[in-house]
Amino acid sequence: MAFTRVASLSEVPRDRGLCVRVGDEEIGLYRIGDDVFAMHNSCPHQGYPLSEGELDGTQIVCPAHLWAFDVCTGLGPGEIDEEALPRYQVAIEGDDVLVDITIRML
């Protein structure tokens with residue numbers, strides 16, 4: 001699988017995430033300035049969808065238990081790389097946001 005169009009740039013909010021699906025993967029898209037980051041959408045605590053939380057700087061805050069994850073790194077506070085949430089490669093072409101789920105960035 002290669003890059004798949006998942007949204008338009010104008011659909012990705014600046015204050016929270018946008019949930020999209022690529023195949024069987026549910027992914028949260030997060031807009032920081034002119035960049036978009038894609039990360040696994042499920043909080044590891046109890047599986048709550050992270051994209052429903054609020055974006056505070058580069059951190060998405062899980063609305064269920066207030067755990068925060070950096071959308072640039074996939075890390076929660078105090079975590080090490082092995083515990084990071086999977087992130088995915090993003091490309092922006094014009095107003096199209098594309099994600100490649102075969103490229104996991106850990």
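Student: Leaving aside neighbours within four places in sequence, which residues is asparagine 41 in contact with?

Tutor: Asparagine 41 is in contact with Cys19, Glu26, Ile27, Gly28, Tyr30, Tyr48, Pro49, Leu50 and Ser51. Contact means heavy atoms within 4.5 Å. One caution before we go on: this is a predicted model, where local features need pLDDT of at least 70, side-chain atom pairs count only at pLDDT 80 or more, and totals for chains, interfaces and linings use all residues. Residues are numbered from 1 along each chain as its sequence is written, and side-chain values use heavy atoms, with hydrogens and water left out.

Student: Where does asparagine 41 lie? And what makes it buried or exposed?

Tutor: Asparagine 41 lies in the loop between β4 and β5. Buried means under 20% relative accessible area, exposed means over 50%, and partly exposed is in between (1.4 Å probe, protein chains only). Asparagine 41 has a relative accessible area of 1%, so it is buried.

Student: How do you know whether glycine 17 is buried or exposed?

Tutor: Its relative accessibility is 8%, so glycine 17 counts as buried. Glycine 17 sits in the loop between β1 (4-8) and β2 (18-22). Not counting residues up to four places away in sequence, it touches Leu29, Tyr30, Ser51, Gly53 and Ile60. Take leucine 29: it is 12 residues from glycine 17 in sequence, and 5.4 Å away in space, C-alpha to C-alpha.

Student: What makes leucine 66 buried or exposed?

Tutor: Leucine 66 has 63% relative accessibility, so it counts as exposed. Leucine 66 is found in the loop between β6 and β7. Its phi is near 65°, a positive value in a residue other than glycine.

Student: How many helices and strands does the protein have?

Tutor: It has 0 helices and 9 strands. Both are DSSP runs, numbered from the N terminus: helices are H or I with at least four residues, strands are E with at least two.

Student: How do you know in which sense β2 and β3 pair?

Tutor: Two strands pair if DSSP finds at least two bridges between them. β2 and β3 have 5 bridges, in the antiparallel sense. Across this pairing, arginine 21 stands opposite glutamate 26 in β3. The two strands form a hairpin with 2 residues between them, and glycine 23 in the turn has a positive phi of about 60°.

Student: Which strands stand at the edges of the open sheet, and why?

Tutor: The sheet has 3 strands in the order β5-β6-β7, with antiparallel pairing. β5 (54-56) and β7 (68-70) each have a single partner strand, so one side of each is left without a neighbour in the sheet. β5 and β6 (residues 59-61) pair over 3 bridges. There, aspartate 56 stands opposite glutamine 59 in β6.

Student: What makes a set of residues a nonpolar core?

Tutor: The members are buried Ala, Val, Leu, Ile, Met, Phe, Trp, Tyr and Cys residues, joined through side-chain atoms within 4.5 Å. The largest core here has 15 residues, and Val6, Ile27, Leu29, Ala38, Val97 and Val99 touch the most other members. The elements giving two or more residues to this core are β1, β2, β3 (25-32), β4 (35-40), β8 (87-93) and β9 (96-105). β9 gives the most, with 3 residues. A second, separate core of 10 residues includes Cys43, Leu55, Cys62 and Val71.

Student: How do you know that the radius of gyration agrees with a compact globule?

Tutor: The radius is taken over C-alpha atoms, and the globule rule is 2.2 Å times the number of residues to the power 0.38. With 106 residues, the rule gives a value near 13 Å; the protein has 13 Å, so the two agree.
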